[in-house]
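Keep the picture open as you read.

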Amino acid sequence: MSAQRDIFVGRTGQLAEMHDVASKVAAGEPWLVLVEGESGVGKTSLVRCFLRQLDHFTRLTAVADPHEADFPSAVLSQLLHRVDPAQRWPYPLLTGDSPGATPFAVGGQLIGLLGELAARQPVVLVVDDAQWSDDLSLQTLLFAQRRLWHDPVLMLLAVRRGEIEARESQLRSIARSYERAMQVRLEGLARSEIAQLAGEMLGPDRVDDALVNQLQTRTGGRVLYLRTLLAEVPVDRLVNDGAVLISPSLSAAIRDTLLALPPDSRALAQALAVLAARVPLRSAAGLAGLGENAVLDALEPLLRAGLVEWSPHELATPIAIRHAIQLDTIYAQLSPADRQRLHAGAAGILGGTAVWAHRVAAAAGAPDAELAGELESLAADEYAHARYAIAATHLRWAADLSPTRAEWERLLIATCLCLRASGSMNRAIRMRQDLESCQPGILRDVALSAVVNTMGEADTALKIGYRAWQAIQAHPDPTGLSRSVGHGLPAIFLMNNDSPTASEICRWLLGTGSLDPVGRSGVRAVLAWATFVTAGPRAALRSLEDTAGQGEEIGPDNIQVIAVRGCLKVIDGQLGAGLADLGTALGYAREGWPIVIGRRAWAYTRWAWFLAGRWEESVLSPADAGRDAESYVAWYDLPYESLSRIWVLAARGDRTGAQRQADLIDDSARSIPSAGARFCGAVARALIAQAHGDHERMYEAVAPLRDASEGAYDNALTARWWLPLLAEAEVGTGRLREAEETLRRIGAVDQVPYLRVQVARLWAAIAEARGDVLAAQGIYHEAVNVEPGPDDAAFYRGRLLLDYGRLLRMTGRRRQASEHLHAAHDTFAGLSAAPLLRECAEELARCGLHAPRQRTTYTTQLTERERQIAHQVATGRTNREIAAELFVSIKTVEYHLANSFMKLNVSSRRELRDLIQKEEDRVVDLQTPSLRGRSGSDAGVPAPRAAHPVD
């Protein structure tokens with residue numbers, strides 16, 4: 001009996017490849033294996049055979065279930081349920097009870113746990129039927145896989161083809177893009193393998209060509225179908241063409257098998273199909289009405305037929321139907337009365353959340369006001385604890401059990417609002433037709449506007465949103481609606497370029513006094529963005545001050561305001577203060593608190609690091625955005641995520657890396673066109689062209705943005721990026737009048753250092769292009785003699801010094817030119833900005849001087865990952881803290897740290913810290929050159945003319 005179930009034939013090539021991968025994993029390389037094939041082709045058998053042959057690995061396994069796809073962390077909970085709770089305790093997000101946690105945050109903790117497990121022996125994580133995984137679990141696993149660098153972890157995902165095409169395509173794309181990934185595509189068994197399987201199951205003397213021919217014809221080599229036929233259909237029926245043939249469908253074969261079972265075996269199989277889970281044998285027997293002795297007799301035929309999987313050596317001796325097709329077929333054979341009876345019995349046997357699914361199934365679609373009321377109460381408690389996705393599931397069940405149309409509509413609308421809160425808009429989109437069939441009303445329109453907006457129908461979303469807002473204003477007591485309206489409705493107006501209405505709704509919501517702290521933070525954040533669009537960053541920051549309550553500026557409940565305030569400060573040039581806020585918000589995000597603006601907070605952080613000259617942090621920040629970034633980055637954030645990496649890559653001359661990120665923006669624009677993708681794509685192309693001095697391409701990239709609406713949300717977010725680029729392109733292509741108009745459009749820049757130096761340089765370039773050399777020198781003179789402050793933009797100041805030095809050299813002032821060119825060279829050397837370093841060297845050569853020889857630094861000796869970890873060591877963090885900060889394992893930190901010690905010839909963390917700190921202090925000095933007090937500097941250079949304002 002057991003030996004027959006363990007029979008495995010064929011797949012020798014695939015097994016050999018998988019074991020080769022396992023050897024690499026054991027040696028310290030993380031790998032991803034994707035096994036895919038049609039239903040019944042033998043994926044599960046292959047995986048089980050592989051695991052049986054795998055020695056000295058910690059096995060974490062799960063089987064995804066379509067019934068649990070709405071439950072965040074369902075698969076993760078299965079994978080980790082055998083891990084010692086004491087070992088999981090330091091990782092609270094892995095308990096599955098962290099509502100709202102992002103894959104980014106949960107993945108960081110999963111990496112930590114896997115690192116600890118892998119320190120003892122290699123780990124293999126197996127998810128069967130991965131196409132049905134809940135989103136949080138799958139995105140978390142894929143994020144973790146991308147961040148495992150030197151850890152013996154094998155992730156094995158088995159995917160059934162033809163179930164969820166979008167999910168299958170996503171997994172294939174990831175497997176193709178990941179350098180340590182292997183795809184195993186299974187087809188039916190070959191003829192020789194069919195003969196071998198038949199010989200093992202029937203005995204070699206009963207197998208001949210006629211039997212093998214029939215098996216191949218009827219099954220196409222699908223393993224599950226073969227096993228079923230060989231176990232239950234007499235050989236003479238299989239080979240006798242004159243006999244009545246069974247249906248060639250697998251389901252028909254399973255039905256025949258079921259009918260041939262003894263009554264008690266059939267009852268046990270039916271009970272297991274209703275339970276649809278791996279349960280203790282005692283529980284299954286109780287539901288089937290079988291005693292202790294009877295259940296063992298009933299179990300034998302099920303095992304022989306290959307219908308169930310039993311683990312007698314485990315605690316509680318769990319049992320389950322082996323394959324989803326078998327389960328579905330057995331369940332389909334149940335009469336409605338038997339289904340109701342068995343589901344009602346299951347509800348009495350099982351505990352936890354499964355009880356509710358069985359109670360709903362037992363109701364069989366008949367109205368049940370009492371059960372609907374219980375489900376609604378359950379959902380209310382879940383909503384209060386931010387378990388929005390599960391609350392939505394229970395509300396939908398309650399709706400379907402409601403005795404009246406009015407109740408059904410009310411609960412359906414509440415379901416959609418819960419889905420909006422959870423971010424599970426794909427589920428809400430599937431409910432659009434039902435929503436549209438509901439009677440018009442405020443909450444229906446609030447929910448429907450969110451659905452159509454997610455689908456990209458901006459005009460329809462606004463039309464419905466306006467109708468909802470007008471109805472709210474006319475409502476005699478609208479305060480009770482505020483919780484359902486939340487920041488979602490004003491955000492729709494904000495995203496679709498009606499900031500005044502967004503502001504109006506936000507102020508009304510705040511005025512109701514009925515929002516909880518989390519809700520207030522979200523609404524204040526939307527109000528700040530809307531104010532920014534209409535009045536600029538300073539006004540937006542004032543709005544946050546004006547709406548602040550006592551103690552509201554601290555704590556994770558206020559993460560939305562902290563994140564938005566950080567972005568606004570950076571846009572306003574307050575780099576230090578902005579980075580402090582963003583650091584706080586991102587710290588809360590790592591603990592599992594979701595940020596509404598998502599990865600844009602990271603994007604603005606990287607941009608601020610670029611401006612502040614902290615390029616190593618910008619380049620080496622965690623959570624790389626690769627081709628599989630969609631596994632953890634929302635579609636509307638993807639363009640900003642990729643653009644944020646291009647500034648440093650382009651400025652350092654890494655055209656390949658910059659172009660790769662630009663391609664990702666183009667990919668996102670093709671899949672889901674958006675204003676954000678349009679603006680970010682234009683800026684990306686302009687930055688790449690700028691790094692190569694190609695003003696025509698710069699102009700082609702950003703000129704189409706000139707007509708963008710001033711009140712457009714994405715335009716406001718990006719205007720201070722693309723307007724200076726457009727002005728530079730216009731100067732470089734001789735469009736001087738247009739360049740002047742563009743610079744005036746930027747507005748006042750006196751208190752925004754990163755804009756002040758850019759605008760001064762461009763006004764000087766315009767004067768120079770017109771032949772007014774004295775005016776150009778005057779503008780340069782005034783700009784370079786502004787003492788750099790803590791928020792100065794090193795890169796742009798370096799460009800100012802380079803252009804001024806070039807002009808001075810061209811007018812014969814070589815001594816003064818050399819001082820500015822040396823200062824620019826020092827700045828670009830500190831930043832490793834290779835293209836501009838070359839320009840400085842060329843200009844110094846024209847002055848008859850040699851550029852300073854570049855020193856070998858730790859940044860040139862270490863790889864990117866080694867620099868990333870060494871930089872963290874310099875901040876004083878421990879290995880555990882570094883691992884948590886960078887979303888890697890402790891082993892990865894130790895591996896790269898050892899390499900760094902050897903390359904830099906240091907023997908302790910203190911020596912490494914001192915070396916790096918000394919080097920970074922030097923870089924800071926180089927990036928902030930002051931020319932004041934230098935002998936003869938700028939002698940005889942006139943002051944700027946008023947006709948060419950720097951303001």
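Start with lysine 569, which forms a salt bridge with aspartate 581, their closest N and O atoms being 3.1 Å apart. A salt bridge here is a side-chain nitrogen of Lys or Arg within 4 Å of a carboxyl oxygen of Asp or Glu. Lysine 569 sits in helix α32 (residues 559–571) and aspartate 581 in helix α33 (residues 575–590), so the pair ties together parts 12 residues apart in sequence. Both lysine 569 and aspartate 581 are buried; buried means under 20% relative accessible area, exposed over 50%, and partly exposed in between (1.4 Å probe, protein chains only).

This is a predicted model: local features need pLDDT of at least 70, side-chain atom pairs count only at pLDDT 80 or more, and totals for chains, interfaces and linings use all residues. Residues are numbered from 1 along each chain as its sequence is written, and side-chain values use heavy atoms, leaving out hydrogens and water.

The structure holds 44 salt bridges. Here are some of them:

| Pair | Closest N and O atoms |
|---|---|
| Lysine 569 and aspartate 581 | 3.1 Å |
| Aspartate 209 and arginine 191 | 3.7 Å |

Aspartate 209 is exposed, at 53% relative accessible area, while arginine 191 is partly exposed, at 33%.

What about disulfides, meaning pairs of cysteine sulfur atoms within 2.5 Å? A search of the whole structure finds zero. Take cysteine 438: its closest cysteine sulfur, in cysteine 416, is 8.0 Å away, too far for a bond. Cysteine 438 is buried, at 3% relative accessibility.

Terms used:
Disulfide = S-S within 2.5 Å. Helix = DSSP H or I, 4+ residues; strand = E, 2+ residues; numbered from the N terminus.
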